[in-house]
Amino acid sequence: MGDWRKIEDRAVVGRALRLRREIEDFEARWPAPMNRDEALPAFSWTQLERQLVDLSATPAQADMARHLVSATRKLAPFKPPEMVLREILCLTWVLLDENFRPEAASGSASMT
């Protein structure tokens, strides 16, 4: 039983290190501006999800929006705000793409 715990611990550490590298790469490419720009209006994750569901091109994409927002929200506290913004813009692009067919992608029926 101890071996499984060690394997799980290594997997968690590996994911954390990959996330840290992604953040470092992002910050190297997009350093934080020195001056404080005007901030975006505040909105909640629920409001974001509601709007993305409404804007989604298909019912399948609307269902996908809920999962994508949840995944983005969970990792957002660990990422620079601009990196989270970029992820929101990318998932919005996928959800609005009428030609994107998640059921046909790589033969996988679920998004876990």
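A residue is buried under 20% relative accessible area, exposed over 50% and partly exposed in between (1.4 Å probe, protein chains only). At 39% relative accessibility, R73 is therefore partly exposed. R73 belongs to helix α3 (residues 59–75); its C-alpha lies 8.6 Å from that of V84, eleven residues apart in sequence.

The model is predicted: local features need pLDDT of at least 70, side-chain atom pairs count only at pLDDT 80 or more, and totals for chains, interfaces and linings use all residues. Residues are numbered from 1 along each chain as its sequence is written, and side-chain values use heavy atoms, with hydrogens and water left out.

pLDDT is the predictor's confidence in each residue, from 0 to 100. The protein averages 86, and 89% of the residues score at least 70. Over residues 107–112 pLDDT stays under 50.

In α1, the buried residues are G14, L19, I23 and F26. Their cover includes α3 and α4 (81–96).

Helices α1 and α4 pack at about 100°, with axes 10 Å apart. That makes the pair roughly perpendicular, a term for angles of 65 to 115 degrees. In this contact (heavy atoms within 4.5 Å), α1 supplies E22, I23, F26 and R29, and α4 supplies E82, M83 and R86.

Methods: Helices (H or I, at least four residues) and strands (E, at least two) are DSSP runs, numbered from the N terminus. Axes are lines fitted to C-alpha atoms, for helices over the stretch in contact, and angles run from 0 to 180 degrees between N-to-C directions. Angles under 35 degrees count as roughly parallel, over 145 as roughly antiparallel, 65 to 115 as roughly perpendicular and the rest as oblique.
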